[in-house]
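Dear colleague,

Please find below the structure that I am handing over to you. My notes on what was found in it follow.

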Amino acid sequence: MSQRKLVKLPDSQMYDTECPVCVPVNKTVGLAPIRSLVRCSLEEITISSVDSAAIMTIINELGHNILRHAGRGKICFAVIGHGERLGIRITAEDSGSGIPDLAMALKPGFSRDDGLGLGLPGIRNMADDVRIASLVSGGGTFIEVLKWLS
Amino acid sequence: MVPFSIFPLGDVLLVSIQEEIDDVSLASLLDLLGITVSQRRIRGVIVDLKDVDVVDSFLAEHLWSLASMLALLHAQTVIVGLSVPVVMTLLDFDIALKGVEFALDVEQALDKLNVSKKTRQVT
Amino acid sequence: MNTLHEYRGDEGFLFEIINAVPSGIFVTDMEHSIMIINKAAAEMVGRTPGDCFDRKCYDIFDTPMCQTDNCTCRVATSSGSVNKGQTILRHGGREIPIEYASRPLRNHEGQIIGCVEHFVDISERLEQEKLILSQQEELIRKREEDIRQLQEEILELSTPVIEVWDGILALPIIGALDSHRARIAMQRLLEYIEQTRSPFVIIDITGVPTVDTEVANRLLQTVDAVRLMGSEAILTGISPHIALTMAHLGVDMGNITVQSRMSDALHLAIGMLREKRWESRGMPDSGHEDLIS
């Protein structure tokens, strides 16, 4: 069994993170667990319906990517605070085949045109900070999304 | 619990999709619609998404496939029930839904289908 | 040579005067021994002037700069000029903020023979400054809140959504809109469409002075949004200048319905509404035809 050489991005120290909760994503449970976790968490905080829709869409996109391209993985979700601001931090992790061409995947229009899209340009539009680490041939993919709420 | 329902309205089908629909069910839905539309000479399919809070690029892709497939089977697709947050998100995510018609509700969707029927009869 | 000790002869009257001064005054020689000290200075550290004579100033007063190169008297006597500043006087567990001024003392020959120290307890002044500052901050906060409210009202005024006909909304855009306001205006419009179930929206840009790529894109985005909601947008009020600009920008106006004036758009939309009603209910229209020539 080869050791997972997943490149993990260093944690940013600029916010006080509340405990992230991680939920598996796979073909057996689908996206239902992570969706309900996020939905319930969002109910605890004051958030606009548009922001809420955006976050749920990000979760869906990341989750579908995992299901489609890696089969299984996990998504972690946390509400974070920085002073008076509230935000959310989502990480999606899998040990699939990785994203071969990161630059292409992030180009706008890629997600629509040929069905191989990963919805990444859209996520980048919607979020404040997106960081991706991906290693091909079994290395897996790690995506971190940060979004501050208005 | 099947995450969708199909309701016949003459030569139009009303399809209602539930929030938690998965890839597999969506694929079955498309298959089923393809068969039904050609067998019963359906000319329009109204897809009601009011129970869907999140439309991501995957669902959008399936909807686009559906519209393309139905167009080839001489049927028109009209989507109803998109809420304001969903529309804002679709725009922010730059998810395009070209080649699909939209209506405010089922009643107006029927209007649109009737209008195009009239147009088609005249020509 | 006149030494400091000789001046002490005039003590009585001099001391009456300096003891009347409410701020602290003391005089030290070049070895930091207190030669003269007033009541206020001594009382600030819980003593009497008598306790302090001939004692070292750093034994009586405790500040962070005592016995360092920063000692105010050392600075004053070495530089030969007044040394002013603020520091903390530590006494009995308390920290008293003070403002001081040290001046070198010269004899008749002009030689520096000591240091005159004057200091004032500024704790009350600092408290007041803090109070004024917080009051100012409160004022600014209120002012900003007022500005925010006004901005919202301006936004509402500059992009009012009007129901001009049963099923037809009009959105005249007045003035330039920045990204943020345009987004809010679009959201409001969509919510209106949802509430009123209006199949048509007339977006009039007569009041928009110029159009650049950003504005053009936002307009197109709004038209798109209206379409996704299930309505149809009709663009009106495009001036020749804006039309030229948009053509130059290569803006794709492919699928957008355009009319020259809002009244034309209204005619068109009403006509289309009648047509639809006719189709779905199979009954003749209730008589609006007379109103529309």
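Two residues are in contact if their C-beta atoms, placed from the backbone, lie within 7 Å. With that in mind, among contacts in chain C between residues at least 6 apart in sequence, 55% join residues at least 24 apart. For chain B, the corresponding share is 72%.

Please note that this is a predicted model. The predictor assigns the complex an ipTM of 0.89 and a pTM of 0.68. In chain C the average pLDDT is 86, and 90% of the residues score at least 70. Residues 278-293 of chain C, however, have a pLDDT that stays under 50, and the model has 13 contacts beyond four places in sequence for them. Where pLDDT is low, the predicted coordinates should not be read in detail.

Two residues of chain B deserve a look at their backbone angles. Arg41(B) is not a glycine, yet it has a positive phi of about 50°. It is found in the loop between α1 (23-39) and β3 (44-48) of chain B. Is Arg41(B) buried or exposed? A residue is exposed if 12 or fewer other C-beta atoms lie within 10 Å of its own; Arg41(B) has 10 such atoms within 10 Å and is therefore exposed. His74(B), also a residue other than glycine, has a positive phi near 60°. This residue sits in the loop between α2 and β4 (76-80) of chain B. Because His74(B) has 12 C-beta neighbours inside 10 Å, it counts as exposed.

Chain B also touches chain A. In this interface, 17 residues of chain B are in contact with 22 residues of chain A. On the chain B side, the elements that give two or more residues are α2 (57-72) and α3 (84-92). The largest share of that side, 5 residues, comes from α3(B). By type, the residues on the chain B side divide into 8 nonpolar, 2 polar and 7 charged.

In soluble globular proteins, nonpolar side chains tend to be buried together. The largest nonpolar core here has 100 residues, and those that touch the most other members are Ile58(A), Val45(B), Leu63(B), Val87(B), Val201(C), Ile202(C) and Met229(C). Helix α2 (residues 49-69) of chain A gives this core its largest share, 9 residues. A second, separate core has 22 residues, including Ile34(C), Ala41(C), Cys57(C) and Leu105(C).

Chain C contains 11 helices and 10 strands, and 26% of its 293 residues count as buried. Among its features is an open sheet of 5 strands in the order β6-β7-β8-β9-β10, with mixed pairing. The edge strands of this sheet are β6 (162-165) and β10 (257-258), each of which pairs on one side only. Strand β6(C) runs antiparallel to β7 (residues 168-174) of chain C, and 3 bridges join them. Within β7(C), Leu169(C) is the bridge partner of Glu163(C).

Leaving aside neighbours within four places in sequence, Val201(C) is in contact with Leu169(C), Leu171(C), Leu189(C), Ile193(C), Val226(C), Ser231(C) and Ala233(C).

Finally, Gly207(C) lies in strand β8 (residues 200-207) of chain C. Beyond four places in sequence, its contacts are Pro172(C), Ile173(C), Ile174(C) and Gly175(C). Gly175(C) is 32 residues from Gly207(C) along the chain, and their C-alpha atoms are separated by 5.7 Å. Gly207(C) counts as partly exposed because it has 13 C-beta neighbours inside 10 Å.

Yours sincerely

Key:
Residues numbered from 1 in each chain as written. Chains lettered and ligands numbered in written order. Predicted model: local features only at pLDDT ≥ 70, side-chain atom pairs only at ≥ 80, totals over all residues. Helix = DSSP H or I, 4+ residues; strand = E, 2+ residues; numbered from the N terminus. Nonpolar A, V, L, I, M, F, W, Y, C, P; charged D, E, K, R; others polar. Core = buried A, V, L, I, M, F, W, Y, C linked by C-beta atoms within 7 Å. Buried ≥ 20, exposed ≤ 12 C-beta atoms within 10 Å, placed from the backbone. pLDDT = per-residue confidence, 0-100. Pairing = 2+ DSSP bridges.
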